[in-house]
Structures are given as C-alpha cells and as structure tokens.
Amino acid sequence: MPGIDIPFNRPYLVGTEIGYIQEACARGHLSGNGWFTKQCHGVLESMLGGKVLLTQSATAALEMAAILTDLRPGDEVIMPSYTFTSTANAFVLRGAIPVFVDIRADTLNVDEALIEEAITSRTRAILVVHYGGVGCEMGPIMKIAEQHGLVVIEDAAHALGGSYRGRPLGGIGHLAALSFHETKNVMAGEGGALVINDPRWIERAEVVWEKGTDRTRFARGEVAKYTWIDIGSSFLPSEIIAAVLWGQLEARASIQAARWVVWRRYDASLRPLADDGVIGVPHIPAHCEANAHLYYALLPSEQARDALIADAALRGVQMVIHYVPLHLSQAGRRFGRTYGRLANTEDLASRLVRLPLWIGLDTAASDRVLSCFPMLSRTV
Ligand SMILES: *Cc1c(COP(=O)(O)O)cnc(C)c1O
C-alpha cells in the first residue's frame, strides 16, 4: 500500500514558537501563570468576555468545570453522544451520569428541542458541543437552563473564532472549555483553557486551578502565604506551552484566513453535490459564524463512506471518520444513559467523513482530495 502523503492533519507553526520558548527560558519563570500565560489570558478574555485560565487541555478544563458545578454522585448532565470522550468522562469522574440526547441532522449539534424533555430532578447541567465551530442554539438552551436552574457548559474545543448571533462561542454558557491540541485551529501541541463567564465561580476556579490552594491570590500579593483551602489539581500549563500558544494567538487572524481558503475550495466543489442531494456538507445557519475548523461530507451510506476512505488511502490521502457515538461505546454504556432514540447520531456518525484540512494544503493537494469522491469525477 502506498504511503499517505496528504495526511488528515499537519500542525501549523507560525514561526514565533522557538523564539518565544527561548524568551520564556530567559525570563527564568517556567512553571505556570507567568508572563506568557498572562498574555494569553488577556487576549482570550478580550475575545470571549469571561475570565480565562489556561489549562493543560480541554479535558482538564472540562474536569475543572465538573468540579465547579459541584456535582454529586448520581447527578445528571445532559449532553450529545456525538462528541469526544472527555466531554462525558470529566463528569463521570465526579460520579455524575451523562444523559445522551440526539443531535440535529443539519448542524450535528445537540437537538435543543430534546433537552427539556430529558430533564429530571437529578439534572444539574447541560453540556453543549459546538461541532466544527458551528454554534449550538444557545438562545433557547440558555433559556431552558435559566428556567430549570441548570449550569450550561460549552465544550468549545472546536469553536474559538466562531460566533452565535454575534456572540463569541465559549463566551455564552456559564463555563466553557477551549482546546489547543495540535488538531485544533490555534494550537500549542497540548493545551486548553477554562472560560468562566459567570463571575460567581472565578475565585473558586483559581483555587481549583492551583492544586486547591490560594496561590493565585498569593501571586497577586493579596495574601502573605498560600494554603490548602479546597479540592483541586495541577491544571495549569507551563510557560513553555503558553509561549507557543501566545505566538499562535497573535497569528490567529491569518490562521483563520488560511484555513478558510482550503475550506472554501472543498466547499466550491462539494456544495453543488449537496444541493443535488447526493451528499451532505457542513450547514452554517445564517445567524452563526463558523471558523473553518473542519470540513466533512455525509455519504449516502456507511459502506459508501468506508469505501471512500479506503480508496482515498490508496491514493495517499488520509480521510477519517469522527466520533464513535459515546452511547455505543463500552464506557458510555457503563456510565451513561440515553434519552430516547439517538437515530440522527447513529445514522450521521456512520456516514460522515472528514477531509484533510491544514494550512499549506495547496490547490494540487485539495484537487487530489476531491478526486477521491466518485460522484464528483462523474460530473466533471
Ligand atoms: C479535541 C476535543 C476535546 C479534547 O481536547 P483536549 O485539549 O485534547 O483535551 C474535547 N472535546 C471536543 C469536542 C474535542 O474535539
């Protein structure tokens, strides 16, 4: 089998990374919460509006959110099944039960119309995932949460740069998690952030972030010594990670622009097929701005999808599926439960393929990716 020369992902380095790591070393502060961390906090806070704490991953940010929500064993968190494991795992670690509801067929986001029916006396939170950087219906979702006294947590791992009715994704729910994993638009290898949009949690979040101590207040000179005051863990990343991230955040506009170029090339060829009902492609509602995080196609059947992936691999192009629905997974069956049938989730997950999308993927490469679609070559 020939090698893959168009991989699914290729992490993009903006060119400032090594210099900023050197600068972090020169500053002599390599643990967390130093100069680069504060730069990152500043820019993310100006983008999102809430208080931001860098973490080692979105997974860590979700674990912090689960601690801050004060979940008790048996409490329930409503969430989609079509998501990454960390979305559910963070809450299972606190003894909570993920309650999986179905997704919308158009955006593949949680179906907001099902949330209210899934609420029980044990429900504490609603977890939304902005799939591919396209916003969930946050207006209705925030309203349901308010009526039932629930916490809304945004898994905004894909979503930095996207917006819903003019509001930045990650800046709408009470809490939000961002990811800077190397597969995301802005990356630091591994990395993430917790966004605290409801100020009632800021003080406690700083404690949870710093191993359950008030070390953050100590660093600001607000207390003479720091001690253990609550549960927590070591959630903050080192300055080396923050230095890489800062360079990426500075370049975020050009990163977005370059990703859109690739996204639009795919879209120009594949959307006409979608208009003819041959395949499905990403749907961005008029009131949402997306961020070119991913491009996918929905094939007519699982067999057609799997055949496309196999054929693409023979042509050196790596195409991939996305989430195996959590309610079908071993751990999902053990720790979660479903609300109703998850028909869209099971159907769409079985037919979805993601196309390679990274900066530097040129026209020749995107043409080769597109040439893998049999229904496209028949029409040209
Ligand atoms: C990537 C991803 C995560 C995990 O991010 P890490 O930073 O790797 O922990 C969580 N949720 C979703 C939806 C993701 O895509």
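# Reading a domain interface and its side-chain pairs

The protein, seen here as a predicted model, is divided into domain 1 (17-250) and domain 2 (252-377).

Q: How far apart do the C-alpha centres of domain 1 and domain 2 lie?

A: The C-alpha centres of the two domains lie 25 Å apart. As for contacts, 47 residues of domain 1 touch 36 residues of domain 2.

Q: What area do domain 1 and domain 2 bury between them, and which residues of domain 1 lose the most?

A: About 3600 Å² is buried between domain 1 and domain 2, with 57% of it on carbon and sulfur atoms. On the side of domain 1, Tyr82, Phe100 and Asn185 lose the most area to domain 2, and together they account for 19% of what that side buries.

Q: How is a salt bridge to be read, and how many are counted between domain 1 and domain 2?

A: Side chains of opposite charge can pair when their charged atoms come close. Between domain 1 and domain 2 the count is 1 salt bridge. Arginine 337 forms a salt bridge with glutamate 76, with 3.1 Å between the closest N and O atoms.

Q: What is the count of salt bridges by this rule, and which parts does the pair of arginine 204 and aspartate 70 tie together?

A: The count comes to 22 salt bridges. Arginine 204 and aspartate 70 meet in one at 3.8 Å, N to O. Arginine 204 lies in helix α7 (residues 202-209) and aspartate 70 in the loop between α3 (58-68) and β2, so the pair ties together parts that are 134 residues apart in sequence.

Q: How is an aromatic pair described, and why is the pair of tyrosine 82 and tyrosine 323 edge-to-face?

A: A pair of aromatic rings is described by the distance of the centres and the angle of the planes. The whole structure holds 10 aromatic pairs. For tyrosine 82 and tyrosine 323 the ring centres are 5.1 Å apart and the planes stand at 75°, so the pair is edge-to-face. Tyrosine 82 is in the loop between β2 (76-80) and α4, and tyrosine 323 in the loop between α11 (302-314) and α12 (330-335), so that distant parts of the chain, 241 residues apart, are linked.

Conventions:
Residues numbered from 1 in each chain as written. Predicted model: local features only at pLDDT ≥ 70, side-chain atom pairs only at ≥ 80, totals over all residues. Heavy atoms only, no water. Domains from an automatic or database assignment. Contact = heavy atoms within 4.5 Å. Buried area = accessible area lost by both parts, 1.4 Å probe. Salt bridge = Lys/Arg side-chain N within 4 Å of Asp/Glu carboxyl O. Phe/Tyr/Trp six-rings, centres within 6.5 Å; stacked < 30°, edge-to-face > 60°. Helix = DSSP H or I, 4+ residues; strand = E, 2+ residues; numbered from the N terminus.
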